[in-house]
Amino acid sequence: MAESACLSTMHEWESPDYEPSLPVSEKSNPLTRDIDRASANGIVRMLQACDAQMFQEETGATYQRLLSKQVVETLMEVAKKVERILKDPRDSVVVLSGCGTSGRLAFLITSTFNRALRELNQSSVYSYIIAGGDRALLSSQEAPEDDPKQGMLSLKKVCEGKKRVLFIGISCGLSAPFVAGQLDLCLQHPEVYTPVLVGFNPTHQARDESIPGCTFTFHSVAQRMQELTKSQKAFLINPAVGPEAISGSSRMKGGSATKILLEVILSAAHAATFTNNNTYKGILQHMRAYEKTLDVTFAQKEGISALLEAAGKSLQCGRRVCYLGWGSLATLGLIDASECIPTFGADYEDVRGFISGGYRELNNNEGPLGPDFCIAHEDFLHLVLPFLNDQDIVLLIYTHSDDVSEVAKLARRVREKTSNLHAVYHRVDGDTAAAVQQEDINKLCLSSLKITWSSPASGILAHLQWELSTKLLLNTVSTGAHVLKGKIYQNYMIDVQVTNSKLYCRATRLLQKLSGCPESQCEEALLKTIYRVDKLTADITSSDIATHTLTARNRTKVVPLALVCLLTGCSLMEAETHLEQQPIVREAVEACLS
């Protein structure tokens, strides 16, 4: 009985009556309605169930899914386009582009597959673009996401002199103006560009709001592309993977599904080009391997729960979480840390990632990004370690193919300052090469999470699975830690930063949903908290969203304050006092109303 209830909850979001005004990517997930009141163990179970929705089979005609026949066939066709470029790379480029998490994953994936080409003595064919440039790899740069012209210019720059471009634009909600501008440019020049759009809403749910200075909306661009899919002059890859565990937090399933889809395409193209494996049967097998990655990762539920609880305790007492990683797993640590700032209104120092080898290992386009972005282990040792104590948590992230003696050496240094040291590492079953050093590390750590994999047919697939597993684990730990800190109301990101038009609209909708007040009243409350006034002036009400989001960038607790004002009728100053006394928003509201 309990199992069938869980299954019906898993599929509830697919009903046409469930939050009908919202696109799939913005709906709230029925599985996590009370995540803000769950234990660490309960949070892990909920997040696992949400991730499992990615691989659910189609249940009817409502939405195509990750494993739907049509999706797999489109992946195959796009892989063939990549294969053609790999076989004849002259004057050609494959560009991956996105904003926030989507742009960070574009960077990670291009790095992985360019490295694979170099190992085969082939020239690189992949380029990435991220809205806001490389600083956006490590921090929130939300404003450029609203600038389609900047998107177009950045694409023109990357493609200068190229005669054939496969452009893959990633926008989880089919909503980012930056990507819409790039896709529009592609559609204007079909002789050069073949556009591919990756996202997780059906086309009719693409954002249809006008973009300042443009004649198109994301919706109109997506519709033009849909017409061209019939002649394979454009491609749409937009399966539904279900609402996010934390409403709208597309860094989670949206990010994981992006990684899965693009790696499946590029892996298939590489196999066809360099191993003469032209069957493309591998696509579905590869997807199934990623599905197994979820099972292998969450088989460590207890260990993940303990990590989440430790990280939550650190954040609750104003201390920090540090990820010390090696190779591409360290890049995933950097990405996870950077996402906590806009998602949870976290401080830059709350969750930090560091990579062995620093920018040399990261190998980003712009190189070192200055003193505000120190990411090497040496930076951690000089700038962070001296100030740590037992309330800070440090997590080592590596594989047994990394230099484990170096991991042990760093672990000894950290252990001198804090006992709150933990490790997560991946190893292949039967590999005992690093066993002695691993024993040393285990003795230094409060917990060591060993994720063991059976040996796969291809080395690159193993590494891609380790990456996805690490992403799932870090997302779970950092999300759960912020839930325990009180940053979530039911399953909504209540402390979201209102720094671009997408987040402004999300904040207004959220206030409407949680307060039951009309949209106009919610927007008014939002503006009052952005401008910190109890009465709106004509200047404020006549300004556009861009002006509001610019002002909001220097504000904290914008949405929580607006919600407390709406629900209790109190003044802004009173709302601030309530939240100072009780930072967990649901409890602050309940305290005001009781």
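**Close-up views of a predicted model**

**View A. Domain 1 and domain 3.** The centres of domain 1 and domain 3, taken over C-alpha atoms, are separated by 34 Å. Nine residues from domain 1 and nine residues from domain 3 form the contact (heavy atoms within 4.5 Å). Between them, domain 1 and domain 3 bury about 710 Å², with 37% of it on carbon and sulfur atoms; buried area is the accessible area (1.4 Å probe) that two parts lose on being put together, summed over both. On the domain 1 side, Glu-142, Asp-146 and Arg-207 lose the most area to domain 3, together 49% of what that side buries.

This is a predicted model, in which local features need pLDDT of at least 70 and side-chain atom pairs count only at pLDDT 80 or more, while totals for chains, interfaces and linings use all residues. Residues are numbered from 1 along each chain as its sequence is written, and side-chain values use heavy atoms, with hydrogens and water left out.

**View B. Domain layout of the protein chain.** The chain is divided into domain 1 (69-278), domain 2 (286-487) and domain 3 (494-593), with bounds from an automatic or database domain assignment.

**View C. Packing of helices H6 and H7.** Helix H6 (residues 148-158) packs on helix H7 (residues 177-188) at an angle of about 55 degrees, and their axes are 7 Å apart. Helices are DSSP runs (H or I, at least four residues), numbered from the N terminus; axes are lines fitted to C-alpha atoms over the stretch in contact, and angles run from 0 to 180 degrees between N-to-C directions.

Note on methods
Helix = DSSP H or I, 4+ residues; strand = E, 2+ residues; numbered from the N terminus.
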